[in-house]
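Q: I want to learn how to read helices and their packing in a model. Where do we begin?
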Amino acid sequence: MPEYLYIPIIVVGVLIVLGLAFWARYKTVGPDEAMIVTGSFLGSKNVDIDETGRKIKIVRGGGAFILPVFQTSDFLSLLSHKLDVSTPEVYTEQGVPVLADGVAIIKIGGAVEDVATAAEQFMGKPTEALKSEAQEVLEGHLRAILGTMTVEEVYRNRDKFAQEVQGVAARDLKKMGLQIVSFTIKDVRDKHGYLDALGKPRIAAVKRDAEIAEAEAIRDSRIQKARAEEEGQKAELLRDTNIAEASKENQLKVASFKKDQDMAKAEADQAYAIHEARAKQSVVEEQMKVEIVRKEREIDLETKEILRREKQYDSEVKKKADADRYAVEQAAEADKAKRLREADALQYRIEAEAKGHAEQKRLDGLAMADAERAKGTAEAEVIRLRGLAEAEAKEKLAEAFEKFGEAAVLDIIVKMLPELAGRVAEPIKNIDKLTVVDTGHGEGAARVSNYVTSLMATAPEMLKDVSGIDLTSLIKGLTGNKAPAADGTVKPLQAPANPAVTPTVPNISE
């Protein structure tokens, strides 16, 4: 081996030895324990110094290098311990002997002072020694606190009892470097039945309350059941009532619908009858209108014929006048042409235009005069023909009256009587509803029908008052005062002497 390698190898060997030594002397601490370091060169961090000046270094949750020869280390467990605490019979404040059982959880305190105190007292001792000492302290304080309280306070307020025991014992355990994590009273009992006697009234009260509650529950259940049955019966009665009311409303609606149908049918029948009567009346009126239109058409045809004749006359006269005028104009034009050749062309043209305008106006005036004259002649002819027609009608009427005399008058009056009866009965036709009150003799309906008969019986008197014609005397004069036949009829009027001549009586409405 070369000499220059000796030194590096020695250095490396020394480093390895030092590393191994360091690894062997470096101690780590877990979370459930504490390392107690004693010796020299402890430093100032986590070091506890007592009254005599002794130093102890406490290491938790980390690690430290233990100097060989100068320092040493020991480990102290920080785990909790369970203690079953019990007491013999202890006389309470009332002099009643009771027994108490409890459970305590203790551990070494986490502070540096607590760890140092526990290390001083329990380092090197087994764990059972720590538990035994702590148990004796707790049992002593438990007996002491139990002697200052009554049985009722201990029984009814165990938490307070446990807190007092824990508070008093914690101070003594603190001096040992221990702390109480929790303390609970498990049981308090006695051998003489005192606690049982205390519980009996409460048990009896609870039983009583339970029985009362049970009875009240049964009562409430029965009441609720009765109310439910009552509500059910009310609901059934209400349902039956609603069904009955609905049925009644249905029947009333059906009856109302039937009534409306009957009334509608009656109104329809009545309306049909009225419509039929009005239709018949309309037919009669239309027939009368047709007759009037026919008469008017005849008059119109006669008027148009007169107009046609007038136009024909005008046409013939105008053609002749136009021919004469044309001949005169041709002669004038020939004479005008002769004079135009003799005179200056321009001056004669101006004079000719002026004369032409004047001639045109004259001719227009003549045409308008002829038209007005023809129109007046036509109107006069129409009036004349209408007067001739009326005179002819009156002449025929006079001839009829002259030939037939009173018979013609009677015939006209008799034809007027149906129309008069219709006019008299027209107010009754317009009545929509008529109520007849019968007094019990069956005369109610008869009086309605006799109303028109009574009115018609007064027709001769009305005719006499209005026109002066005595219809009764006229009929008696024509019938020769003959009495009615045995069957109640009157013989018809005698025909005229000349049967070949049939009187034509014009309608008065014309």
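A: Helices (H or I, at least four residues) and strands (E, at least two) are DSSP runs, numbered from the N terminus. This is a predicted model, where local features need pLDDT of at least 70, side-chain atom pairs count only at pLDDT 80 or more, and totals for chains, interfaces and linings use all residues. Residues are numbered from 1 along each chain as its sequence is written, and side-chain values use heavy atoms, leaving out hydrogens and water.

Q: What span should the 21 residues of H3 have at 1.5 Å a residue?
A: H3 should span 30 Å, and its end C-alpha atoms are 31 Å apart, which agrees. H5 (residues 158–175) has 18 residues and reaches 26 Å between its first and last C-alpha, close to the 26 Å expected.

Q: Where is the kink in H5 centred?
A: The bend at a residue is the angle between axes fitted to the seven residues ending there and the seven starting there. In H5 a kink of about 30 degrees is centred on Ala169.

Q: Which residues of H5 are buried?
A: Buried means under 20% relative accessible area, exposed over 50%, and partly exposed in between (1.4 Å probe, protein chains only). Phe161, Ala162, Val165, Ala169 and Leu173 are the buried residues of H5. They pack against strand S9 (97–108), helix H3 (127–147), helix H4 (151–156) and strand S10 (178–189). A contact here means heavy atoms within 4.5 Å.

Q: How is a pair of packed helices described?
A: Two packed helices are described by the angle between their axes and the distance between the axes. Axes are lines fitted to C-alpha atoms, for helices over the stretch in contact, and angles run from 0 to 180 degrees between N-to-C directions. The axes of H3 and H5 come within 9 Å and cross at roughly 135 degrees. H3 and H5 are therefore oblique to each other. For the scale, under 35 degrees is roughly parallel, over 145 roughly antiparallel, 65 to 115 roughly perpendicular, and the rest oblique.

Q: Which residues make the contact between H3 and H5?
A: H3 contributes Ala134, Val137, Leu138, His141, Leu142, Ile145 and Leu146, while H5 contributes Phe161, Glu164, Val165, Val168, Ala169, Asp172 and Leu173. The buried residues of H3 include Leu130, Ala134 and Glu139.

Q: Is Thr92 buried or exposed?
A: Thr92 is buried, with a relative accessible area of 5%. Thr92 sits in the loop between strand S8 (90–91) and S9. Not counting residues up to four places away in sequence, Thr92 touches Val98, Leu146, Gly147, Met149 and Val151.

Note on methods: Expected span 1.5 Å × (residues − 1).
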